[in-house]
Each structure stands twice: as C-alpha cells, then as structure tokens.
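Please read it alongside the sequence and the model shown here.

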Amino acid sequence: MQPTKKPYRPGHWIVVGTILGTFIGILLGKLALGMIFGFFLGVMIDAHKRKSIAVPAEESSDEK
C-alpha cells in the first residue's frame, strides 16, 4: 500500500516563507525586511514547486 500524495496547494510556500521571514526579522530587529525577503523567498520556492509539478504532466501527455 502506497502512501497517498498530498495535493499541491498554490501559495502555501508563500505563506510559510513570510512567516519564517517575519520570525527572523523579529529576532534581528528588522521586521519589515524579514517579511519582504521571506515573501520573495516563498514566491521563488512556490514557483519552483509549480514548475516541477507541471513537468511530469507535460511528459505524460507526450507519450500518448
């Protein structure tokens, strides 16, 4: 029995990045910079995840 894959949730990594950036920003005393950089880090991770999920779907349609 194989474990079920969790479905991809768009925007999940953006929220996680913003929260982590906020926490690091609080620790360093630069809250606004932490939130901004965390947001952009989350956007980059989310874009990478979105592309990596789209690639297998395109490959399977080429085999038909």
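**Overview**

The protein chain contains 2 helices and 0 strands, where helices (H or I, at least four residues) and strands (E, at least two) are DSSP runs, numbered from the N terminus. The model is predicted, with local features needing pLDDT of at least 70 and side-chain atom pairs counting only at pLDDT 80 or more, while totals for chains, interfaces and linings use all residues. Residues are numbered from 1 along each chain as its sequence is written, and side-chain values use heavy atoms, with hydrogens and water left out.

**Chain totals**

- Of the 64 residues of the protein chain, 16% count as buried (buried means under 20% relative accessible area, exposed over 50%, partly exposed in between, with a 1.4 Å probe and protein chains only).
- The accessible surface of the protein chain is about 5700 Å², and carbon and sulfur atoms hold 70% of that surface (Shrake-Rupley method, 1.4 Å probe; for residues, only the protein chains shown count as cover).
- Among contacts between residues at least 6 apart in sequence, 59% join residues at least 24 apart (contact means heavy atoms within 4.5 Å).

- D46 lies in helix α2 (residues 31-62) and is buried, at a relative accessible area of 2%.
- Apart from neighbours within four places in sequence, D46 contacts Y8, R9, P10, G11, H12, W13 and I14.
- The whole structure has 1 salt bridge (a side-chain nitrogen of Lys or Arg within 4 Å of a carboxyl oxygen of Asp or Glu).
- R50 forms a salt bridge with D46, and their closest N and O atoms are 2.9 Å apart.
- R50 and D46 are separated by about one helical turn because they are 4 residues apart in helix α2.
- R50 is partly exposed, with a relative accessible area of 44%, whereas D46 is buried.

**Largest pocket**

- The largest pocket is lined by K5, K6, P7, Y8, R9, H12, W13, K49 and I53.
- Helices α1 and α2 are the elements that each give two or more residues to this lining.

**Nonpolar surface patch**

- F23, I24, L27 and L28 make a nonpolar surface patch of about 470 Å² (patch residues have over 30% relative accessible area and no salt bridge; like charges are joined within 9 Å, nonpolar side chains (Val, Leu, Ile, Met, Phe, Trp, Tyr) within 5 Å).
- L28 belongs to helix α1 (residues 12-28) and is exposed, with a relative accessible area of 65%.

Key
On a 1 Å grid over the protein atoms alone, a cavity is a set of points where a 1.4 Å probe fits but cannot get out, and a pocket is an open set with protein on both sides within 12 Å along at least five of seven lines; lining residues have an atom within 4 Å of a point.
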